[in-house]
Structures are given as C-alpha cells and as structure tokens.
Amino acid sequence: HTTWCRALLLVSTMLSSAPQLANEAETFLKAYASRFRYVFQTGLQTGHMAVLEEASLMCRLLALMSNTSALAQTLAAEAASRAVMFIMGSCLSERANSSEVFLPMSGEERLAAQVPHVALDCETTPAQVPSIFHQRVEYLGLDILRNLFFALLKTASSPQWLG
C-alpha cells in the first residue's frame with residue numbers, strides 16, 4: 001500500500017511541477033480508474049487510516065487534472081457524490097470527540113491515538129482527543145474536501161461547462 005501511495009504522490013508531484021505531462025498522467029488515471037472508484041464508493045467506509053490517506057492523494061491528483069481531463073472530471077464528480085457527506089459525518093462532525101469510523105488499528109496508530117496498551121479490544125477503541133491520530137483524521141478529511149471542491153470548481157469553470 002505504501003508503494004501505491006508513493007506512486008500517487010509521484011504522479012501528482014510530477015504533474016504539479018510539469019503540467020505538460022498531463023497526457024502521461026491521463027494514461028495513469030485510465031489504468032487505475034477502477035481503484036479510484038472503489039476507494040470512493042466503498043473503501044473509505046472501511047475506516048482504515050491507510051484508505052483515508054490514499055483518498056487524499058487521489059483527490060490531489062484529480063484536482064490537478066480536472067481542467068484537462070474528462071476522466072478526472074468524472075471521477076471527481078463521482079467522488080464528491082460518494083465521499084463528501086461521509087467525510088463530513090465521519091471525520092469532521094464532532095471535533096471534540098474521536099471518530100467512530102476511523103479507529104486506530106496498527107501499533108503506530110494506537111500509539112498516535114494514545115490508546116492504552118491495556119485495552120482488550122484495541123481495534124475498537126477510539127482515539128483520545130486531542131491526539132495525533134485524531135488530528136490526522138481531521139486533516140485528511142479537510143484535505144480531501146479541499147481538493148475535491150477545487151477539482152469541481154475547475155470543472156465548472158472549464159470551457160465545456162461555460163459554453
């Protein structure tokens with residue numbers, strides 16, 4: 001999963017540094033469109049931090065490509081229709097309370113969530129507030145929304161939509 005996220009980061013960084021490489025990024029997007037759809041339709045609801053991070057990187061790529069790629073526009077619209085309400089409800093609704101959806105699973109996540117090591121069922125123990133884990137969930141949720149809205153804004157202001 002780490003390698004896949006690095007590939008997403010590499011493509012989005014490449015595209016932000018060299019927009020003329022949009023055709024190569026389009027090829028990448030076409031090859032992995034099904035993964036994008038899976039993450040936004042059902043993957044986020046699993047409650048895994050790794051999928052939330054993946055969705056954040058995907059949204060960054062969609063925001064960068066939405067003014068030149070019809071596929072990116074379609075994926076951004078699909079992602080917005082599926083993910084926005086979920087992100088609002090699961091990551092950002094109760095800022096004083098921990099997410100009931102995104103729970104610390106790995107040892108590193110439990111450490112960042114300040115979950116006591118004596119907890120019998122660590123996978124279902126919510127993160128402490130405040131904690132690094134809780135802040136990371138909120139940050140990623142906001143990052144997803146920012147990039148999705150940016151992609152939709154670029155799509156709505158494109159010549160195809162204005163004309």
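A residue is called buried when its relative accessible area is under 20%, and this cut-off will be needed at several stops. Keep in mind throughout that this is a predicted model.

Begin by selecting C5, which has a relative accessible area of 12% and is therefore buried. Next, show the sulfur of C5 together with that of C59, the closest cysteine sulfur, and you will find them 12 Å apart, which is too far for a bond. A disulfide is a covalent bond between the sulfur atoms of two cysteines, and a search of the whole structure finds zero of them. C91 is likewise in no disulfide, the nearest cysteine sulfur being that of C59, 12 Å away. With a relative accessible area of 5%, C91 is buried.

Now select α2, and look along the helix from one end to the other. Although α2 has 22 residues, its end C-alpha atoms are only 27 Å apart, short of the 32 Å that a straight helix would reach at 1.5 Å a residue.

For a comparison, select α3, whose 17 residues reach 25 Å from the first C-alpha to the last, close to the 24 Å expected at 1.5 Å a residue. Because 13 of its 17 residues are buried, α3 is largely enclosed by the rest of the structure.

Go back to F36 and display what surrounds it. Leaving aside neighbours within four places in sequence, F36 is in contact with W4, L8, L29, M58, L61, L62 and L75. F36 also belongs to the largest nonpolar core, which has 48 residues, and F36, F40, L44, L52 and I87 are those with the most contacts inside it. To see where this core comes from, colour α1, α2, α3, α4 and α6, each of which supplies at least two of its residues. In soluble globular proteins, nonpolar side chains tend to be buried together.

The last stop is H134, which you will find in helix α6. Is H134 buried or exposed? Its relative accessible area is 7%, so H134 is buried. Not counting residues up to four places away in sequence, H134 touches E94, R95, N97, S98, S99, A127, Q128 and V129.

Notes
Residues numbered from 1 in each chain as written. Predicted model: local features only at pLDDT ≥ 70, side-chain atom pairs only at ≥ 80, totals over all residues. Heavy atoms only, no water. Core = buried A, V, L, I, M, F, W, Y, C linked by side-chain atoms within 4.5 Å. Buried < 20%, exposed > 50% of the residue type's maximum accessible area, 1.4 Å probe, protein only. Helix = DSSP H or I, 4+ residues; strand = E, 2+ residues; numbered from the N terminus. Contact = heavy atoms within 4.5 Å. Disulfide = S-S within 2.5 Å. Expected span 1.5 Å × (residues − 1).
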